[in-house]
Structures are given as structure tokens and as C-alpha cells.
Amino acid sequence: MEQRNALQLRPSAEARFADELAALKAADQGRRPPGWALSARAVRSFILGDSKLSVRRKFYGDDALVERALVALMSEQGLMLVGEPGTAKSMLSELLAAAISGSSMLVVQGSTGVTEDHVRYGWNYALLIAEGPTPRALVPSPVMEAMRLGRIVRVEELTRCPPEIQDVLISVLSEKVMSVPELGESASVYAAPGFSVIGTANLRDRGVHEMSSALKRRFNFETVLPLTDPALETELIRQEVGKRLGQAEIAVNFPDEVTDLLVTTFQDLRRGQTKDNVPLSKPSAVMSTAEAVNIAHAAALEAAFLGNGDVGGAHIGRQLQGVIVKDNAEDVKKVRAYVDHIVKERARRSKVWSDFLGAVKAMKDES
Amino acid sequence: MTVLDPAATAIRLFDSERDLHFFPIRHHSPACALHLREALRAIRPATVLIEGPVDFEPLITELLAPGVVPPVAMVALPDGAKKGRGGTTYYPICRHSPEFIAIREASELGATVRFIDLPSRHAAMLSDRRHRPDQPLLPMREVMFDRGAYVDAMCARTGFRDGFALWDGLFEARARGTDWRGFFASVGAYCSALRAASDPDELQTDGTLPREAMMRACIQDAIAARTGPIAVVTGGFHTPALIDAQAESVRPAGAAARSNAWLIRYDFRALDRLNGYGAGLPLPGFYERVWQRLIGDGGETGDSLTEDILVGFRAHLIESEPALAFSFPTLRSMVETARRLAELRGLSEPGRTELFDALQSSAIKEEIEVGAHPLLAAFTTYLQGDRLGDLPPGSRLPPLIERARAEARSFGLSLEDAVAKTRELDIYRKSRHGQTSRFLHAMRLVAPPFAERLKGPDRVHGFRADMLMETWTYAWSPAVEAALIERAADGETVRDVAATILIRRLGDLEREGQCNNAAAAFNLLSIAFDAGIGSAADTLVAAVSTAVGADTNLLRLTNALVMGQALDSRAKAMQSDGTVKAFADLLPPLLDRLARRIAELLPDLAAVNADTVGEAIACLAALAEAMADPDPPFPARPLRDALQGLMAAQLDPQLTGAVIALAALIGLVDEAEAGRRLSAALAGAFERPGDAIRTLSGVMALAPQLFVNDSSVITAIDNLFGAVDDQGFLDLLPQLRMAFAELSPQETDKVAAIVAAAHGAGEDDIALLQQVPDARVLTDHLALSERLRGQWQADGLAAWLGPAP
Ligand SMILES: Nc1ncnc2c1ncn2[C@@H]1O[C@H](COP(=O)(O)OP(=O)(O)OP(=O)(O)O)[C@@H](O)[C@H]1O
Ligand SMILES: [Mg+2]
């Protein structure tokens, strides 16, 4: 575990927000559910912000979702976060685990390659040969660790795990016990209070394994939707980009109008409609807030290193190309129609939009 | 969660010096209703002033009559003379409306009740911005509770998701408290903050300020005439503007106007639709349950409201939508979730929002598209409720309702309850049945929820022997009354209103640039006929006549001809009746005009090409239908001449087929001649052999029998196939299949027999073919044989292709 930490590029949520968690803990007067590091209300504040304690809002949009999620976890149900890519499912599960269990590091990364070792336990073969099956030779999975410690284990992309792995979770969630027959007939690990599972999945993904209804029953589902409020999305992008640039100690001038352009473009294409209800064809590319953050970040870097530090419409235009155009000819057409009809109109009235138009057009002509 | 800073916006509600007490409320709020009841019992006012249009005051006695069961509504009908000011005014009342509670308590205390708002049809009451002119008008709108800067800021601060959840969390959650002073102080503080954040210009334009001037004047009058404590019950938004009423207080002009006001039965569905316009808290079914709990009515089961509602909803689903029903363990966890959510949100018990959240969280195991899920929708409908209000028998009703009821009864329709009943009508042979049918048709227009026709002659195909009867279901319900109320300004009898509606629809056609749409105009005429609206006949006929002259669309015109003819035959078959006669006399000149117009336009079909031929064929099919009548009510001569002309013209092949078929059908040519023409057309030289087949499609569309009866045509097709190789045949097959799809199975067999005989095939061969499961398999097999044959020939195995030795 320690080693893994050392390898991480990004510190865990509990490390990044240690101050906030400490402040919340100190001020927390609510009842803590068994095994929880904080009361449910303090966890809510951690995720949705609390200005009195200078706790920053981290998840934007659907506050009720966070409340429902907390209640599901309190009721010892698993929590299943589903939705399109880039809607902050993983972020949310990390934050929940960090605040509830004090640790977000118990993670199973779902894929077809996941085996029982990853969800039950494996063996240290050298020790196994030397000593036989002893507790020392057993290598617990994150799931087993979480049960033992009464923590939350996160299963990312749960629907990518093969069905037999999903089945392990059924018994873990319903019986709250994992037997280890190799250590003796009655050897088992019982889940300490506070244990739960947060899964994330993108149900529309191709190549996923449909969850069995038995497993579904043990989870409460929450659909995380892309942000629909432009103001929130703008705020989020500013904050994220500011943080990233701050970490790298880069300073740029990122005018509001440019952020507006980015958010407007994303909201238009995501909804298939402009603010004034002009219909347009939705590209199939993922137009998530996460992508918007990436674009804003990349645009800022370009402005800082290749320009004079002023971020403009042209930077956004060039970066947008990368998200949308990748290799989908249909999308290219849809975005071209958007640019030709809607962006062109706006470009008449605004320098930022006309720079944006110019950049998108130039890229197209090259390709 | 104390989020209010009452000190900042507190207002002096209870003025013991003047013995004047203000109660800021929100409409349909059980919490306000309960606290108000307690307050009135404590204060024992001599006068209760209520925000309600003064002209509704006479209805208060009616409202208190035994036998009145809310939901009911006070309504004022628009003044028919004033154009553009349509829309009925509604003042809906539930059991849990604070105003209703105030009226009832006052009457028990022997206090005087006064309404203190402007008259319902005062200009200031009509000035809210509406999208449609006939949208309902609400004297008390409270959209300011739903959105706006203050509500948004409060939501952000408290974590409630919207204005409704905020209200519930702050106020409905406090319904059980005993401190009514504290409760109203909070409501007052909240409302004055709302008011401080609203736009003063808006208050002027939406009529709020003049209304409040009226309320102040009424309060002054009450103070002057005081005999004891005075209670003032108004929407909380107005309270701050009333508290310091000075002796200023002249009533605005027009404050004495009377209106055409009535108390009517109402229902929760209609009520919730009004809530869409900002009438008050939504989901009346939910709040009524809350209210019943609060007053300890409805049998204490020991279960919480949450349990009651969720258990009831589950039972309702099992009964009506089993596919959506959830299991019992899910129900348990739902109740648990609702409780925990309430706790997390600092509420003493779960409210509306928590119920929805619990349902979503526990019962929906899949991704939800932007808040929309059938289960959530079903829950909304369930909580909306379906309660119907009631009035005591013999209540005074608006004339239109009264007349409609009387007329319905005179036809022997039973109106005693809201259960649907069925009625069969022999519309042509029994004159009373004909009249009943016309009444029901008129009610379809005026109050659609009343009746529905299950069976009967349809408007286009009209008079058919098998359609002598109509079957209707009907039921009298508050929804019918509500629908009638909405139309009440349009006339005093069902027939007058129906006429107005039709004329208005005609106007709509004009506005939409459709005044040249003969089919649409004829359709209206047809409806008028069914409903027996003789008074509208002249206007409609004139409009149809104009449309016919202006329409250049042959399909619409020919469809109109079919409709007109059907109408004519129905008119002739009906027992004589004044209204029917009006139509019977007006129709022939109209049909004459129509037929001549069609004849004028028919030659244009020569310009039709393969892309537009479908519509042209539909025109000819309609003509065929109209002209099949041996004694048509329109002149056939011009039409026949025009067709004759078409036959000589160079046409799209499919159209050629259709024209030949039509000519044969109406006896313009005999069948033998038709066969000859068809054979010639089929043998015609086209770049694509498929085109010749399209001729067949044209025939089939109109007169498949023609083709079956004349074997010379079949021979011609057969020859056509002889001229193409097998690959060519496979290419033709799709076209051919399309053409033959029109034939009935017997007809197909007949054709098969003729073709088989011509080729010397016996019945066995046909039987063999019939075992082929479908045409595609046959095509595939034929293609395969062909490949095999080629292969064998290439391999020097041609001998295998001969008959077996
Ligand atoms: N509503 C939101 N609130 C806060 N941050 C958001 C929101 N939506 C997107 N983001 C941003 O998007 C980033 C990416 O989110 P994350 O990786 O958690 O998405 P995901 O839903 O797990 O995607 P995937 O399905 O691809 O795994 C977050 O770290 C955050 O910066
Ligand atoms: Mg993820």
C-alpha cells in the first residue's frame, strides 16, 4: 500500500483535502453512522462545500444525488454511480470514500482481466510453499481489506468485470462475510461496520457485462448527469483550470468571454440545441465537463508557452478539434454544420467567436 | 436549520392595539391552514378579511352549504362582448386551503367574512402575462415562490433544490408546531424578503399594486366598522403592503363591478393544471393527505404518512401498472431512506421531496434520463390525486351547464354519477336517435370529456349499410363541467358554443394560411353536419366555397369530393330535421363547384413524374370512389371529359395504369378496351423494363379486379417476361411483388392458374411453388439455380441440366 502511494502522481483525496477533513471533523457534531469517520452531514459539506469552514464545493450540479448516495451507504446498501463518461462518477466515489472511511485507496479497477484474486484474496507463493496456507501467506484483495477495516471499497467500471467476479460481490454485500476455506473450515473475514461498495459504470459502454438482477438489488443506483447549468459549469472549469495551472505555477490571462465560449459550445453540442432553441445535430463524441476542463487547460498551456499568455478563441478552437474530430466522419460533418451556421453568426458580433471560427476552419482545411 | 433572519425582514403581524391581525399564507398550504385555524380559534375575530375577488363574496354562502365537498372552484366567466379578454377566472378551493379553513372557522365563530381583492374581471386582474388568450386566469398567482433571485439564493444557502422544496422544508415541516405566532412571523419574514427582491415595475404591470390599494381600502372600511378583532388572510406576498394601511385608501375605479360568478365542482387533475400557472402548491392529492393527518382524520393506522403513501402507491401500481410495481423489501428500504434523508436535511419527517428521492434511490435500478422515469411519472400522477369535488343537488349552475344537463336528460342520457355508460343509436331510422347523435357530436366539440363515439359511419366513407348505428360512451363528471365552464363565454347553449368553436377553427385555418385548403374546410363542414349546427352552415359553406376556388391541390380537392359526397348521402338518408335540411340544400351547388374545379385541374397530371406519382394516384383513387356512385350528387360530365383528355396524353407509366383503371371503372371504356390499352402500355418501350411493370401498379392501386378478369392483360405481362432474361426477371421481381401485393389471395390464385395454364403447367407444379415459404426464398433459390447452371456448364456438365434419363 505504501509503495503504491509513492508511485502515485496525484495524491489521494484524503491527502489533498486533509485540512478540510480535519476542520470538518473538529466541527462535526452530528451522529456518526457506525464505522464512519464523519457524520453524514459533514460528508455532505465536504462534497458540496461549507463556506463557514472554508470547505470548497467539489461536486457541482445535483446536491440531492449526494444526499441520496449518503443515505444509501448509511443503509448498508452498495452505491452504483452510472452515467456518461466524464460526469465525475469516479471523483464522487473517491470523495465519498475519503470522507466516510478516511481512505479512498481501496480500489478495484474493473476490466475483463479482473480475477478472484482482486476481489477475494491471493497467496504469496513463496510463503505458501514455505509455510503452507497461513494468514501471513494470504494476500488480501482491496475488498477483503475494506471488510476487515470497515471501509469503503471502490470498484471502478464494475460492468467490465466478468460475471463471476460480480457474483463475488453479491455474497459480500448480502452476507457481509468472506470465507477462507484454506485456513480452516470456519475461517472467514467478517465485514466491520462502515464497510460498503461504491461501483461506477458507464452503462452505455460497449463490451460491458450486464449486471445480474441479484447484484442490482444490492446497490442503489444514481445517475450522474452532465452539468446543465452553464454558470455552474463555468465556475467548475475556472476552478479546475486555476488549480492545475497553479500547481504548475503558470499564469495566464483567461478572459471570461473565452470560458463562456467554451461552455456555450459544449452545452450546445451536448444538448443538440442552442440556448435559443435552435436545433442542431448532436455529435456522438463525449462532450463532458471533464473534456471541457482538458480543453481549457490545454488552451491555457498553449497560450502560456507558444503565445503571449492571453488565452483566446483561437486556442479553444484548435483544442476542440482534438476532442471532436478524432476519427468520426459523421461528427466532423455535424460540427461543421454547427460552425457554419451558428458559430458564424456569433462571429459577426464577437472577436473571441471569430477567432474561434478562424481556428476551427483553418484546422479543417488542413485535414 | 435556521436560515431566516427574522429580524431583518420581520413585520408586525399582530397589532393588539388596533386588534388587527395579519396572516400571511400560501395557497393550498396545509401548514398555513392548520396554524390559521388555531390562530382564529384563539383570537376569535369578529371580521375575517380574505384575499378573494369581491364579486365572489355572494358565493361564500354557497360554499358553506352542507353537501359541498372540495375541490370546488369559484369561477367568473369572461364577458362575451369584450374581445381578447377571454379565459375563465378560477379560484380553486381544497379542503386544505387556508382560505377555506378561514371561511369555515369564521362562520363557526359567527364572524363576518369579506373578500377584499378587486373584482375578478377588473383590468388589473386580467393583466398577468398569458401565453394564450383563453388560458385560465388566476386571481392569486404566486410564481414568486417558485423562482427568482431570493428563492435561488435561499436554495443555494439551505441546500433545498427548488422553491417548492424550500417552502416544504421551511414551513410545511413546521405544521405540527403549536406556536402559530412564530410560524406566521417566519412566513411573514420570508414573504417580505421575497417582496423586497422583486421588481417594482413588474408589480405595477401585473396588477399587484392596484389590487393592494383595494385590499388596503377594504381593511380601512373594516376598521371603521369594527365590532371586534379583525383577521386579514392574504397571500404572504401582499401582507407587507397591507400592514401599514393608512387612511389613504380610496378604492380603485371599477371596484364595484359585478361579474358572472359561479361555484362549480372541481377536480384535482384540473387543479394541478392550474398549479402549472402558479396557482399554489402542486400535487393536491399529497397535501390533502398531509392535511388529513394533521387534523387526525382518515383513521389513524399507526403508520407514518410516508408509509401510508408508499404502501398505497405500491398497491395502486400492483393494480394498475404491475410492470412498475416494486417488492415489499424495496418498500421497507424506501421508507427507511425517506426517513434518513429527512434527518440529513434537518426535517422532522419526510416531505414530498424525500418521498420522490426515496423512490428513485431504492426502486430504480438503471440509468435515468434527465429526471424522467416511468415510475417517477406514475408517482407524480398518484400524488396529484383524482378526487372529484361535489355540490349539493340543485345547486345553481351556469346556464351553459344547466342547459347541457337538461338537454342530455331530455335524450334520456343518465347523468346521476360519473360512471361511463354506453348508448347505441340508430341514427338514420329513428329521428330521436339522430338528434341524440347530433347532441353528442356537439358535446364532443364543446366538452370533450363527456362523450366518445366508439363506432359509427366515418366522416369520409359516410353512408354504408353496415354503418347505420353509432355506439357512444358518455359520463357526466366535474371535468365535463370544467370544460363547459371554459366555454361558457361562447354561448348559452351547447349548439351555439359548438358553432362558435367551428367558426373559430375556420378562423384558425385562415390564420395558418390554410384558407385554400378544401379538405380541411370540408372537414369542418362535415363536423358541423354531424353536430347538427345549422346556424353555422351558411358561414362554413361560404368558406368551403372560397377554399374550393382557391385550392390548387388536387388531392385535397378530390378528398373533399369524397367527403362531400358522403355528407350528401348521409343528409339524404337522415330523417328530415330542420338542421339537416339546411345542409341538404346547400350541398349540391358546392359539390358542383368542386367537381368542375377538379376537372379543370386534372390535365395538370400530365406533368407528374415518378417522384410525385404517389399523390396523383391517390387523387384518382379518391375520384374512383366518388364516381362509383351511379347517381352522383355532382356533374360527372366535366370529369369524364377531363379523363378522356388524360387518356390521350403521354403520362408516367404508373399514372397511365391508374387512368386506364379509372376509365374502365366509370365505364368510359369497356373492359376489353381497357385490356387492350393496358397490353399496349405494358409492351411499351422503356429504358428500364421496371417502368412497364409500374403501369401494373397503377392499375392495381385502383382496380385490381380489372386485371384478374381480363386474361389478355395477363398474357401481355407474360409476354413482357418472355422478353427479359432470368437476371432481368429477378430485377423486375421487386416491382412485380409490389404490384401484386394489392391482390387478395383468391385473386392471386386465379392469376396463377391462368399463367400456369398458358405455360402448360399443371396443378402439381403450382402446389410445389406454394410450398416455398416466401418470395425471398424463391428469389434466392432461383439465383442459386442460375449460378449452379452456369457452373455446370463451365465445368462441361451441361448434360446434367437435361431431364434425368
Ligand atoms: N458535476 C461535476 N462536478 C465537479 N466536477 C466535475 C463534474 N463533472 C465533471 N467534473 C470534472 O470531470 C472530471 C472527470 O471526472 P471523472 O473521471 O470522475 O468522471 P467519470 O464519470 O468517472 O468518467 P468515466 O466514465 O470516464 O470514468 C472530474 O475530476 C471533475 O474535474
Ligand atoms: Mg471513472
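How do the residues of the shell around ligand 1 divide into nonpolar, polar and charged? There are eight nonpolar, four polar and five charged ones, where Ala, Val, Leu, Ile, Met, Phe, Trp, Tyr, Cys and Pro count as nonpolar, Asp, Glu, Lys and Arg as charged, and the others, Gly among them, as polar.

## Ground rules

This is a predicted model, in which local features need pLDDT of at least 70 and side-chain atom pairs count only at pLDDT 80 or more, while totals for chains, interfaces and linings use all residues. Residues are numbered from 1 along each chain as its sequence is written, chains are lettered from A and ligands numbered from 1 in the order in which they are written, and side-chain values use heavy atoms, with hydrogens and water left out.

## Confidence

First, the scores. pLDDT is the predictor's confidence in each residue, from 0 to 100. For the complex, the predictor gives an ipTM of 0.85 and a pTM of 0.74.

One stretch to treat separately is residues 1-7 of chain A, where pLDDT stays under 50. The model has three contacts for that stretch beyond four places in sequence, a contact being heavy atoms within 4.5 Å.

## Around ligand 1

Back to the ligand. Ligand 1 is surrounded by 17 residues, and the closest are Tyr60(A), Gly86(A), Lys89(A), Ser90(A) and Met91(A); a residue is near if one of its heavy atoms lies within 4 Å. Tyr60(A) has a polar backbone atom 2.8 Å from a nitrogen atom of ligand 1. Polar backbone atoms of Thr87(A) and Ala88(A) each sit 3.1 Å from an oxygen atom of the ligand. The protein covers 81% of the 640 Å² of accessible area that ligand 1 has on its own (Shrake-Rupley method, 1.4 Å probe).

Helices H6 (89-101), H12 (230-247) and H14 (289-306) of chain A are the elements giving two or more residues to the shell. H6(A) has the largest share, three residues. Helices here are DSSP runs (H or I, at least four residues), and strands are E runs of at least two, numbered from the N terminus.

## Two domains, one ligand

Chain A is divided into domain 1 (5-223) and domain 2 (230-366), with bounds from an automatic or database domain assignment. Both domains give residues to the shell, so ligand 1 lies between them. Six residues of domain 1 are in contact with nine of domain 2.

Most residues other than glycine have a negative phi, and most peptide bonds are trans. Ala88(A) has a positive phi, near 75°, and lies in the loop between strand S1 (78-82) and H6 of chain A. In chain B, a cis peptide bond joins Pro70(B) and Pro71(B), with omega about 5°. Pro71(B) is in the loop between helix H3 (59-64) and strand S4 (72-76) of chain B.

Notes
Polar contact = N/O pair within 3.5 Å; in protein donor to acceptor, adjacent residues only side chain to side chain.
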